[in-house]
Amino acid sequence: RLAFQSDRAEQGNWDIWVINWDRSGLTRLTSSQETDQDPVWSPDGTRIAFLRNGSIHVMNADGSGVTRVSNAYDSHPGWSPDGTRIVFASDRAGDKNLWLCTTDGSNQQLFLGTPAGVADGEPDWCWATDRIVFSRSVNGERHVLWLVQGDGTGLVPLTDGGLAVGSG
């Protein structure tokens, strides 16, 4: 199944929808007056993390049990391979950094702090490994992809200004 955001009524009200790969079973999961976007499936396919007006929420795959996970303006939730944690980007500490929390919103902690002028964002957990890929910009320029272990160690650049680092 595919989860996506849509303003199908063109009313400026984005909601989360799902559809089967064969284009059957189109189902609207959210119908709030708030903006719902950026849905991400849990590894076991039973839950979806998404943004609602900038806060991370988690719901069951059928749209029930919506739970607010964060209270700040956060973005780009990504599930850990075991489905117990969510990585996300937030500027709640001033600069845009990567944060972690459990799927119920507890244990929110700064995961990867950055020096002044550096912003980290768009994290995504590599499901086959315990690594997180994310973008990093310096002074608002030069977006570079980085990779870090799920415990915060082993930080390495994957690209350099849009080009792959290394020789292959």
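How far is the sulfur of Cys101 from the closest cysteine sulfur, and in which residue does that closest sulfur lie? In this predicted model, the closest cysteine sulfur to that of Cys101 belongs to Cys126 and lies 18 Å away, which is too far for a bond. A disulfide is a covalent bond between the sulfur atoms of two cysteines. A pair of sulfur atoms counts as a disulfide within 2.5 Å, and a search of the whole structure finds 0 disulfides. Cys126 is accordingly in no disulfide, with the sulfur of Cys101 as its nearest cysteine sulfur at 18 Å. The surroundings of the two cysteines can also be described by accessibility. Cys101 counts as buried because its relative accessibility is 2%. Cys126 has a relative accessibility of 28%, so it counts as partly exposed.

The confidence of the prediction was examined for the chain as a whole. The mean pLDDT of the protein chain is 88, and 94% of its residues reach 70 or more. Over residues 163-168, however, the pLDDT is below 50. This stretch has 7 contacts in the model beyond near neighbours in sequence. Where pLDDT is low, predicted coordinates should not be read in detail.

The overall form of the chain was considered next. Its secondary structure comes to 0 helices and 17 strands. For 168 residues, a compact globule would have a radius of gyration near 15 Å; the protein chain has 17 Å, which agrees with that expectation. Taken along the principal axes, the box filled by the C-alpha atoms is roughly 45 × 35 × 30 Å. Of the 168 residues, 41% count as buried. The protein chain exposes about 8,800 Å², and carbon and sulfur atoms supply 49% of this area. Among contacts between residues at least 6 apart in sequence, 24% join residues at least 24 apart.

Asp74 lies in strand β8, which covers residues 74-79. Its relative accessibility is 0%, and Asp74 therefore counts as buried. The side chain of Asp74 makes a polar contact of 2.7 Å with the side chain of Ser70. When neighbours within four places in sequence are left aside, the residues in contact with Asp74 are Leu51, Gly54, Ile56, Phe88, Ala89, Ser90 and Arg92.

Ser42 is found in a loop, the one between β4 (36-41) and β5 (47-52). With a relative accessible area of 2%, Ser42 is buried, since the cut-off for this class is under 20%. A polar atom of the Ser42 side chain lies 3.3 Å from the backbone nitrogen of Thr46. Beyond its neighbours within four places in sequence, Ser42 is in contact with Arg47, Trp79 and Trp127.

Asp151 is also placed in a loop, between β14 (141-149) and β15 (156-157). Its relative accessible area is 56%, so Asp151 is exposed; the cut-off for this class is over 50%. The side chains of Asp151 and Thr153 are joined by a polar contact of 2.6 Å. Leaving aside neighbours within four places in sequence, Asp151 is in contact with Phe111 and Asp130. Between Asp151 and Ala9 the C-alpha to C-alpha distance is 43 Å, and the two residues are 142 residues apart in sequence.

Backbone angles were noted for two further loop residues. Arg23 has a phi near 75°, a positive value in a residue other than glycine. The loop that holds Arg23 runs between β2 (15-19) and β3 (27-28). Arg23 counts as exposed because its relative accessibility is 72%. Phi of Asn107 is near 60°, again a positive value in a residue other than glycine. Asn107 is in the loop between β10 (95-102) and β11 (109-112). At 51% relative accessibility, Asn107 counts as exposed, given that the class begins over 50%.

How values were computed
Residues numbered from 1 in each chain as written. Predicted model: local features only at pLDDT ≥ 70, side-chain atom pairs only at ≥ 80, totals over all residues. Heavy atoms only, no water. Helix = DSSP H or I, 4+ residues; strand = E, 2+ residues; numbered from the N terminus. Buried < 20%, exposed > 50% of the residue type's maximum accessible area, 1.4 Å probe, protein only. Polar contact = N/O pair within 3.5 Å; in protein donor to acceptor, adjacent residues only side chain to side chain. Contact = heavy atoms within 4.5 Å. pLDDT = per-residue confidence, 0-100. Rg over C-alpha atoms; globule rule 2.2 N^0.38 Å. Areas by Shrake-Rupley, 256 points an atom, 1.4 Å probe, with all protein chains shown as cover.
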